[in-house]
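Subject: Handover of a structure

Dear colleague,

Please find below the structure that I am handing over to you. A summary of the findings follows it.

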Amino acid sequence: MLKLPLKIRRRSASKFASAEAGAVVVEFALIMMIMPLIIIGFSQVARAAILAHKIQLVATVMGQILSQKDVVTAGDVQSAWKASLLIVPDLWDDSMRRNTDWRELVEPAVSSIKFVRVTGDGAYSTDYDGVVDWSWAYDQNNRRCVGAKTKRGTAKERPLPYTLPAELFGPGTIVAVEIRYNYAPIIPLYGNRELTATAYFKPRLVDEISVDTTSFNGSKGKGSEPGFNPKRQNDCNPGQGN
């Protein structure tokens, strides 16, 4: 068997070791360039997940507060809305960082849906139609269509202004609170996205919660929008939920 001289073998081994060490340095440099982006990306995803949970808490707390009223006023909605500052303290920092009002970041919509039996003996959810009795939203475009029938959906679907989970259809009324949060990552590796949350509650003290329409006179909407009557019908198709 042919054997290389000892000097040649040592020289080849030395070159191989040097080349391997150089490859390790290059790989390490590449990893160190990419790793911060990966860490930052994971931190932003984790932050978005935490905020999504907190936004759901905002919807739940607003629903709990308003469902204990027999008549909802503009002041009740504002007080429940301000609770979001306690649940999501990040709002202060976020609003200052983005130089905007915190109310532009967390936009609620509150509606009362009345269920009317249209067939059968009321034993099944399909025996009822849901009709929007009143609706208020900071952004009027997010209001439910007053007077419209609500379409049956599923709990997994993203709520729309004219849908409700089919499981909610039954005797009585419910209060629906829908929250939209304009999330912007601190380090803009990707664009803004809208986080949404919805909560549904049965009235606690009365069968049907009414709304004091006069209390909303002069209330401020999004941007330059004036306040509006929650019982006023929107410019929408009342039959869209059919």
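Why is strand S6 (residues 172-183) largely enclosed by the rest of the structure? Of the 12 residues in strand S6, 10 are buried, so the rest of the structure largely encloses this strand. Buried here means under 20% relative accessible area, with a 1.4 Å probe and protein chains only. Helices (H or I, at least four residues) and strands (E, at least two) are DSSP runs, numbered from the N terminus.

Please note that this is a predicted model, in which local features need pLDDT of at least 70 and side-chain atom pairs count only at pLDDT 80 or more, while totals for chains, interfaces and linings use all residues. Residues are numbered from 1 along each chain as its sequence is written, and side-chain values use heavy atoms, with hydrogens and water left out.

The protein chain contains 4 helices and 8 strands, in the order α-β-α-α-α-β-β-β-β-β-β-β from the N terminus. Of its 242 residues, 37% count as buried.

Strand S6 has pairing partners, where pairing requires that DSSP finds at least two bridges between two strands. Strand S2 (residues 106-117) pairs with S6 in the antiparallel sense over 10 bridges; within this pairing, Ser 112 has Val 175 of S6 as its bridge partner.

The largest nonpolar core has 35 residues, of which Met 62, Leu 91, Val 106, Ile 179 and Tyr 181 touch the most other members. Such a core is a set of buried Ala, Val, Leu, Ile, Met, Phe, Trp, Tyr and Cys residues joined through side-chain atoms within 4.5 Å. Among the elements that give two or more residues to this core are helix H1 (6-66), S2, S6 and S7. H1 gives the most, with 7 residues. Apart from this core lies another, of 9 residues, including Tyr 128 and Phe 169.

As to confidence, pLDDT is the predictor's confidence in each residue, from 0 to 100. The mean pLDDT of the protein chain is 77, and 76% of its residues reach 70 or more. Confidence is lowest in H1, at a mean of 72, and highest in strand S1 (residues 71-72), at 92. Over residues 237-242 the pLDDT is below 50. Where pLDDT is low, the predicted coordinates should not be read in detail.

Yours sincerely

Key:
Buried means under 20% relative accessible area, exposed over 50%, partly exposed in between (1.4 Å probe, protein chains only). Contact means heavy atoms within 4.5 Å.
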